[in-house]
Amino acid sequence: MTFFLTAFVALSGMGQSFTDVERDLIYSRDSTDIMRVLSVYDEADSLLLRKVSADVTVEMLQAPEYEVLTRRLLATVSNPDDRGVGIAAPQVGVSRRIVAVQRFDKEGKPFEIFVNPEITSRSEETRLGREGCMSIPGKRGEVERAEEITLRYIDGKTFEPREETVKGFTAVIFQHEIDHLYGKLYIDYLTSAPEEISGR
Ligand code: ZN
């Protein structure tokens, strides 16, 4: 119950929709739905990747831009030429709290959209795993993450507030993508330079 109230307050009263710059990006057209992924190797992109993303408002969820943005985020992360297991809106230049995560813990491993996600608790138990990032092409590194997390978010399809506990690799993807919303990248956790992925 407390959770419902909090989610409502978080979503209301901001009276703000997508900015003109965001709208231009969302409606930018090449031949496909795939959007350009910002890269840490580009200076201007890098600054955007380090920005803290803002909350998504009710107005935004109701705006036509939301549907287009989420569809294009899913197309971008499923790009056969550069596939990912998750993506955050700031990676395509929209500094809003939206992530897409591939649910390896669900049948058929679907991609799902999460709005204003927040990690409310992390297990003490951790796991070490290799991570890469669509914004840091050609590199990977080993990162220690919580084995299990509890999340709070607005379901990207039904717009219902939810709370959920996730474990394993899917929990790692959530931690990586939610970090993007705070301008944080996996390389920030590494004690040495990330390794090159051979053959790229
Ligand atoms: Zn990433």
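Predicted model: local features only at pLDDT ≥ 70, side-chain atom pairs only at ≥ 80, totals over all residues.
Residues are numbered from 1 along each chain as its sequence is written. Local features need pLDDT of at least 70 and side-chain atom pairs count only at pLDDT 80 or more, while totals for chains, interfaces and linings use all residues, and side-chain values use heavy atoms, with hydrogens and water left out.

Start with the metal. Three residues hold the zinc ion, at 2.0 to 2.3 Å: Cys133 through SG, and His176 and His180 through NE2. Donors here are N, O and S atoms within 2.8 Å of the metal (3.2 Å for Na, K and Ca); water is not among the atoms, so sites may look incomplete. Along the chain, the zinc donors are spaced as C-x42-H-x3-H. Both histidines sit in helix H6 (residues 168-180), 4 residues apart, or about one turn of the helix. Helices (H or I, at least four residues) and strands (E, at least two) are DSSP runs, numbered from the N terminus. His176 counts as buried because its relative accessibility is 7%, and His180 does too, at 2%. Buried means under 20% relative accessible area, exposed over 50% and partly exposed in between (1.4 Å probe, protein chains only).

Next comes Val101, which belongs to strand S2 (residues 98-102). With 0% relative accessibility, Val101 counts as buried. Leaving out residues up to four places away in sequence, its contacts (heavy atoms within 4.5 Å) include Phe111, Phe114, Ile173 and Glu177.
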